Amino acid sequence: MAKDKILSEIKEAEQSAAKMVDEGLKNKSERITAARAEAREIIKQAETDAAQSAQNALKSAEETIKHESEDIISKGVNEAKRISDKAEGNVDKAVENLVTEFERTIHA
(Lines give C-alpha, C1' and ligand atoms only; values in the text may rest on other atoms or scores of the structure.)
Protein backbone atom coordinates (compact mmCIF):
# COMPACT_ATOMS: atom_id res chain seq x y z
CA MET A 1 0.00 0.00 0.00
CA ALA A 2 2.80 2.38 0.61
CA LYS A 3 3.62 2.04 -3.04
CA ASP A 4 0.07 3.05 -4.01
CA LYS A 5 0.24 6.02 -1.67
CA ILE A 6 3.56 7.17 -3.11
CA LEU A 7 2.25 6.78 -6.66
CA SER A 8 -0.88 8.73 -5.67
CA GLU A 9 1.20 11.51 -4.17
CA ILE A 10 3.40 11.61 -7.28
CA LYS A 11 0.27 11.80 -9.45
CA GLU A 12 -1.11 14.62 -7.29
CA ALA A 13 2.23 16.45 -7.48
CA GLU A 14 2.24 16.06 -11.27
CA GLN A 15 -1.32 17.37 -11.47
CA SER A 16 -0.43 20.26 -9.17
CA ALA A 17 2.66 21.04 -11.27
CA ALA A 18 0.61 20.84 -14.49
CA LYS A 19 -2.00 23.15 -12.96
CA MET A 20 0.72 25.60 -11.90
CA VAL A 21 2.20 25.53 -15.41
CA ASP A 22 -1.24 26.09 -16.95
CA GLU A 23 -1.91 28.98 -14.57
CA GLY A 24 1.53 30.42 -15.32
CA LEU A 25 0.91 30.21 -19.07
CA LYS A 26 -2.53 31.77 -18.63
CA ASN A 27 -1.06 34.54 -16.47
CA LYS A 28 1.70 35.10 -19.04
CA SER A 29 -0.86 35.32 -21.84
CA GLU A 30 -3.01 37.77 -19.85
CA ARG A 31 0.00 39.94 -19.06
CA ILE A 32 1.08 39.99 -22.72
CA THR A 33 -2.44 40.94 -23.78
CA ALA A 34 -2.59 43.68 -21.15
CA ALA A 35 0.88 44.95 -22.12
CA ARG A 36 -0.11 45.09 -25.80
CA ALA A 37 -3.30 46.97 -24.95
CA GLU A 38 -1.33 49.39 -22.80
CA ALA A 39 1.24 49.83 -25.59
CA ARG A 40 -1.57 50.61 -28.06
CA GLU A 41 -2.96 53.21 -25.65
CA ILE A 42 0.49 54.75 -25.14
CA ILE A 43 1.03 54.92 -28.91
CA LYS A 44 -2.43 56.39 -29.42
CA GLN A 45 -1.79 59.02 -26.74
CA ALA A 46 1.66 59.79 -28.19
CA GLU A 47 0.11 60.27 -31.65
CA THR A 48 -2.54 62.57 -30.16
CA ASP A 49 0.11 64.52 -28.26
CA ALA A 50 2.29 64.79 -31.37
CA ALA A 51 -0.63 66.03 -33.45
CA GLN A 52 -1.51 68.59 -30.77
CA SER A 53 2.11 69.70 -30.53
CA ALA A 54 2.31 70.07 -34.31
CA GLN A 55 -0.94 72.03 -34.30
CA ASN A 56 0.39 74.33 -31.56
CA ALA A 57 3.66 74.84 -33.45
CA LEU A 58 1.73 75.64 -36.63
CA LYS A 59 -0.52 78.08 -34.81
CA SER A 60 2.51 79.75 -33.24
CA ALA A 61 4.25 80.03 -36.61
CA GLU A 62 1.10 81.48 -38.18
CA GLU A 63 0.88 84.08 -35.40
CA THR A 64 4.54 85.00 -35.88
CA ILE A 65 4.07 85.32 -39.64
CA LYS A 66 0.93 87.41 -39.13
CA HIS A 67 2.72 89.81 -36.78
CA GLU A 68 5.75 90.04 -39.05
CA SER A 69 3.61 90.72 -42.14
CA GLU A 70 1.62 93.36 -40.25
CA ASP A 71 4.90 94.97 -39.19
CA ILE A 72 6.22 94.92 -42.77
CA ILE A 73 2.97 96.39 -44.12
CA SER A 74 2.99 99.08 -41.44
CA LYS A 75 6.59 100.02 -42.26
CA GLY A 76 5.73 100.09 -45.97
CA VAL A 77 2.72 102.35 -45.39
CA ASN A 78 4.82 104.68 -43.24
CA GLU A 79 7.59 104.80 -45.85
CA ALA A 80 5.06 105.49 -48.62
CA LYS A 81 3.54 108.30 -46.56
CA ARG A 82 6.98 109.76 -45.89
CA ILE A 83 7.84 109.67 -49.60
CA SER A 84 4.44 111.15 -50.50
CA ASP A 85 4.87 113.96 -47.98
CA LYS A 86 8.35 114.70 -49.29
CA ALA A 87 7.07 114.66 -52.87
CA GLU A 88 4.26 117.07 -51.98
CA GLY A 89 6.85 119.39 -50.45
CA ASN A 90 8.84 119.25 -53.68
CA VAL A 91 5.81 120.09 -55.85
CA ASP A 92 5.87 123.72 -54.73
CA LYS A 93 9.59 123.95 -55.47
CA ALA A 94 9.11 122.33 -58.87
CA VAL A 95 6.30 124.75 -59.76
CA GLU A 96 8.47 127.69 -58.70
CA ASN A 97 11.35 126.38 -60.82
CA LEU A 98 9.06 125.92 -63.83
CA VAL A 99 7.64 129.43 -63.45
CA THR A 100 11.14 130.89 -63.07
CA GLU A 101 12.39 129.03 -66.14
CA PHE A 102 9.28 130.04 -68.08
CA GLU A 103 9.77 133.66 -67.12
CA ARG A 104 13.44 133.50 -68.15
CA THR A 105 12.47 132.02 -71.45
CA ILE A 106 9.89 134.71 -72.06
CA HIS A 107 12.21 137.57 -71.08
CA ALA A 108 15.17 136.26 -72.91
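Select Lys75 and Asp71 to begin: both lie in helix α1, which covers residues 2-107, and they sit four residues apart, about one turn of the helix. The model on the screen is predicted.

Keep this pair selected and show the side chains. Lys75 and Asp71 form a salt bridge, and their closest N and O atoms are 3.5 Å apart. This counts as a salt bridge because the cut-off is a side-chain nitrogen of Lys or Arg within 4 Å of a carboxyl oxygen of Asp or Glu. Side chains of opposite charge can pair when their charged atoms come close.

Is Lys75 buried or exposed? Lys75 is exposed, with a relative accessible area of 53%. Asp71 has 39% relative accessibility and counts as partly exposed. The two labels differ because exposed means over 50% relative accessible area, while partly exposed lies between that value and 20%.

Next, select Arg82 and Glu79. These residues are also in helix α1, three residues apart, about one turn of the helix. What do the side chains of Arg82 and Glu79 form where they meet? They meet in a salt bridge, with 2.5 Å from N to O.

Then select Lys81 and Asp85. How many residues apart are Lys81 and Asp85 in helix α1? They are four residues apart, so about one helical turn separates them. Lys81 forms a salt bridge with Asp85, and the closest N and O atoms are 3.4 Å apart. Lys81 counts as exposed, at 53% relative accessibility. Asp85 is partly exposed, with a relative accessible area of 39%.

The structure holds four salt bridges. Those visited on this tour include Lys75 with Asp71, Arg82 with Glu79, and Lys81 with Asp85.

For the last stop, clear the selection and pick Ile6, Leu7 and Ile10. What kind of patch do Ile6, Leu7 and Ile10 form on the surface? The patch is nonpolar, and together the three residues have about 280 Å² of accessible area. Zoom in on Ile10, which has its place in helix α1. Ile10 is partly exposed, with a relative accessible area of 42%.

Notes:
Residues are numbered from 1 along each chain as its sequence is written. This is a predicted model: local features need pLDDT of at least 70, side-chain atom pairs count only at pLDDT 80 or more; totals for chains, interfaces and linings use all residues. Side-chain values use heavy atoms; hydrogens and water are left out. Helices (H or I, at least four residues) and strands (E, at least two) are DSSP runs, numbered from the N terminus. Buried means under 20% relative accessible area, exposed over 50%, partly exposed in between (1.4 Å probe, protein chains only). Patches are made of residues with over 30% relative accessible area and no salt bridge: like charges are joined within 9 Å, nonpolar side chains (Val, Leu, Ile, Met, Phe, Trp, Tyr) within 5 Å. Accessible areas come from the Shrake-Rupley method with a 1.4 Å probe; for residues, only the protein chains shown count as cover.
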